[in-house]
Amino acid sequence: MTDPIVRVRDVVHDFGRTRALDGVSLDVPGGIVYGLLGPNGAGKTTLIRVLSTLLRPAAGHVEVAGVDVIADPTAARMRIGLAGQFAAVDAYLTGRENVEMVGRLYGLRGAAARARAAEVLDRFGLGDAADRRVATYSGGMRRRLDLAASLVGRPQVMFLDEPTTGIDPRSRMDVWELVEDLVRGGTTVLLTTQYLEEADRLADRIAVIDVGRIVSEGTADELKARVASTVLEVHVPEADRARAAELLTGVAGEAPATDTAGTALRVPARDGGATLVAAVRALSDAGITPDDVALHRPTLDDAFLALTGDPATHAPTPTGRTRRGRRGRRATEEVAP
Amino acid sequence: MTAATGTPATGAPSGAAAPLRGRITPLDAVRDAVVIGRRNLLRVVRLPQLLLFATVQPVMFLILFTYVFGGAIEGALPPAAAGEYLNWLVPGLMIQVSAFGSGQTALGLVEDLEKGVVDRFRSLPMARSAVLAGRTGADLARNAVVIGLMVLVGALLGFRYQTSFPRFLAGYLLALGFAHALSWVMATVGLLVRTPEAVQSAVFLPVFPLVFASSVFLPTATMPSWLRAFADHQPLTVVTNSLRGLMLGEGALPPGQVLADQVLRSGLWIAGIVLVFAPLAIRAYRRVAT
Ligand SMILES: Nc1ncnc2c1ncn2[C@@H]1O[C@H](COP(=O)(O)OP(=O)(O)OP(=O)(O)O)[C@@H](O)[C@H]1O
Ligand SMILES: [Mg+2]
């Protein structure tokens, strides 16, 4: 692996009595989307503020694009772009004026600033609205304008704090495309999000942060594999349940769990499809015909909930996919074989 | 949305793009301050009601004080006022406008802090001084317009300088210099209190008594001696007296005062306030994020 473009070592920061960052270390390889995933108050924004020179940490070392951020913030600022948690655009200026102003503050002058602003605005689908005041923009347009402004200085690393919070699904997908496009062009993007789907879809690597600590780091698949294996779920008629549980124990090497409704038996499917075939064969040999058999791959939700805090304090998310995934791991009771 | 997903981003550097700026030079700092100042002025131009409200208030003072108190006070004025309270009042109101208007500096900064605009600026490779310089600079321009409009209305109602146009102009510039100095004070206040509500009280509480316990509206001669001791020496009185001396003639000064001396003192006050509060404001700005 090449040198990481963002290198964070043992960063600690306190707000009064609150320890917002508690010894954070991470490496972000260049040219990827890196996701910081964590619940409210985990310290995501604080970390972004440290990385983007807004906050001097109490302790630790931070390097961005080869520059020591704490020792030389100005040099770091020349290489980064920041879009904060809330769009920082001026409502009484036009979109063009907003972007041009930021360009000038990066050191672009006159015609170059104008040309660059026009280019970025077009790129973000704001060409037609460029000369309207931002006060007339929708939330999604403001967010895109904010991203456009943070991009105008051609940063090597972009920091995006919850870039899709508070915008509709259509605008969210637009932002995703823009981020993917940026990365194709060589920019490294470090973004925070509370949306697991977003991290799963967008981030090449993810760090899960909770109460100021990185609790896990890796690709989405690695995170999922780390906390949960694929689960085999078998539904059998009531009468066969005890016998089926026994057989599944033989196949999986572990007693099945059942959900609270008591209709499904679950065992970890360590060998995926092979486990499924073996289970079906064992059941069929014993004359049991299952009503339903399914393999459930763990979701990032499972990983997230397992990694961050006490799962009992997390309200279940309303998607069926999520609930099924969680039930596989958590809301289970042992069934005597 | 026109984002063409097949092509590489126009915005992204391939490998290490050379930063547009190396180090930030003093010239860059001036450029940045102008960029920020222009942005702040655009707000005033785009929301002209701001300027209107800022002007209406002193004009109201002008009209009320002239017609309500004028008659009772005119007899107590020095002859240099040519028997017109309006002549006496306009230079005072220039300082009153400066004092109340300086709160706008604090409010503007607090608004930018709250909206995250200051965060954006702080993440850019721009001069650290530019946000404050651009703010106080734009406020200077705004004050120039508001004070100018107020004087214009005063002239329509009958205000006449009694000296010469250059002297009147010198007084106008002195008032602007004082307004600028107060902007730095209020920039510091805004960066320390950081909420609009707190700014309202932090500005109003000290400014209101300072304006009244001065020669802005009335001569200090009839104040009780303990108040007068304060009123005669505080900067609002010193600068107001200088303005009157410049616009109405030396005779407008309290007995025993010399115009050149008052103007010098005014200059010293302005310089002193800037020298103390500009560094304080810059320090508060640096600490604002932590
Ligand atoms: N300026 C501040 N003063 C005091 N405490 C703060 C400040 N900023 C953050 N904190 C605290 O630090 C912790 C981390 O906050 P941070 O904003 O980094 O979390 P986050 O992960 O961004 O949360 P969210 O998802 O809600 O945006 C929280 O406990 C928060 O209350
Ligand atoms: Mg946050």
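This is a predicted model: local features need pLDDT of at least 70, side-chain atom pairs count only at pLDDT 80 or more; totals for chains, interfaces and linings use all residues.

Visitor: Let's start with the metal. Which protein residues are the donors of the magnesium ion, ligand 2?
Guide: Look for the protein atoms lying 1.8 to 2.5 Å from the ion. One is an OG1 atom and one is an OE1 atom. They belong to Thr45(A) and Gln85(A).

Visitor: How many residues apart in sequence are the parts that this pair ties together?
Guide: Thr45(A) lies in helix α1 (residues 44-51) of chain A. Gln85(A) is in the loop between β6 (80-83) and α3 (95-105) of chain A. So the pair ties together parts whose separation in sequence is 40 residues.

Visitor: Now ligand 1. Which residues come nearest to it?
Guide: There are 14 residues around ligand 1. By class, they split into 4 nonpolar, 8 polar and 2 charged. The ones that come nearest are Asn40(A), Gly41(A), Lys44(A), Thr45(A) and Thr46(A).

Visitor: How far is a polar side-chain atom of Asn40(A) from an oxygen atom of ligand 1?
Guide: Some contacts here use the backbone: a backbone N or O atom of Ala42(A) is 3.1 Å from a ligand 1 oxygen, and a polar backbone atom of Gly43(A) is 2.9 Å from one. Asn40(A) uses a polar side-chain atom instead, and its distance to an oxygen atom of ligand 1 is 2.8 Å.

Visitor: What percentage of ligand 1 does the protein bury?
Guide: Start with ligand 1 taken alone, when it exposes 630 Å². Then put the protein back around ligand 1: the part of that area that gets buried is 62%.

Visitor: Which element gives the largest share of the shell around ligand 1?
Guide: Two elements of chain A give two or more residues to the shell, namely β2 (18-29) and α1. The largest share is 3 residues. Those come from α1(A).

Visitor: On to the strands. Which residues of β6(A) point the other way from Ile80(A) and Leu82(A)?
Guide: In a regular strand, side chains alternate between the two faces of the sheet. Ile80(A) and Leu82(A) point one way from β6(A), and all four residues in question are buried. Pointing the other way are Gly81(A) and Ala83(A).

Visitor: What is the bridge partner of Gly81(A) in β7(A)?
Guide: β6(A) pairs with strand β7 (residues 157-161) of chain A in the parallel sense, over 4 bridges. Within β7(A), the partner of Gly81(A) is Met158(A).

Visitor: How many residues of strand β3 of chain A are buried?
Guide: β3 of chain A runs over residues 33-37. On one side Val33(A), Gly35(A) and Leu37(A) are buried, and on the other Tyr34(A) and Leu36(A) are too.

Visitor: In β9(A), which residue is the bridge partner of Gly35(A)?
Guide: β3(A) runs parallel to strand β8 (residues 188-193) of chain A, joined by 5 bridges, and there Leu37(A) has Thr193(A) as its partner. β3(A) also runs parallel to strand β9 (residues 205-210) of chain A, with 4 bridges. In β9(A), Gly35(A) is partnered by Ile206(A).

Visitor: There's an open sheet in the order β2-β1-β4-β5 as well. Which are its edge strands?
Guide: This sheet has 4 strands of chain A, with antiparallel pairing. An edge strand here pairs on one side only. In chain A, that describes β2 and β5 (67-68).

Visitor: And chain B: how many helices and strands does its secondary structure come to?
Guide: Reading along the sequence of chain B, the pattern is α-α-α-α-α-α-α-α-α-α-α. The C-alpha trace of chain B spans about 80 × 35 × 35 Å along its principal axes. Its secondary structure comes to 11 helices and 0 strands.

Visitor: Last one: how far apart in space are Gly190(B) and Gly108(B)?
Guide: Gly190(B) sits in helix α7 (residues 165-193) of chain B and is buried, with a relative accessible area of 0%. In sequence, Gly190(B) and Gly108(B) are 82 residues apart. In space, C-alpha to C-alpha, they are separated by 8.5 Å.

Notes: Residues are numbered from 1 along each chain as its sequence is written. Chains are lettered from A and ligands numbered from 1 in the order in which they are written. Side-chain values use heavy atoms; hydrogens and water are left out. Donors are N, O and S atoms within 2.8 Å of the metal (3.2 Å for Na, K and Ca); water is not among the atoms, so sites may look incomplete. A residue is near a molecule or strand if one of its heavy atoms lies within 4 Å of it. A polar contact is a pair of N or O atoms within 3.5 Å; within protein, one must be able to donate a hydrogen and the other to accept it, and residues adjacent in sequence count only if both atoms are side-chain atoms. Accessible areas come from the Shrake-Rupley method with a 1.4 Å probe; for residues, only the protein chains shown count as cover. Ala, Val, Leu, Ile, Met, Phe, Trp, Tyr, Cys and Pro count as nonpolar, Asp, Glu, Lys and Arg as charged, and the others, Gly among them, as polar. Buried means under 20% relative accessible area, exposed over 50%, partly exposed in between (1.4 Å probe, protein chains only). Two strands pair if DSSP finds at least two bridges between them.
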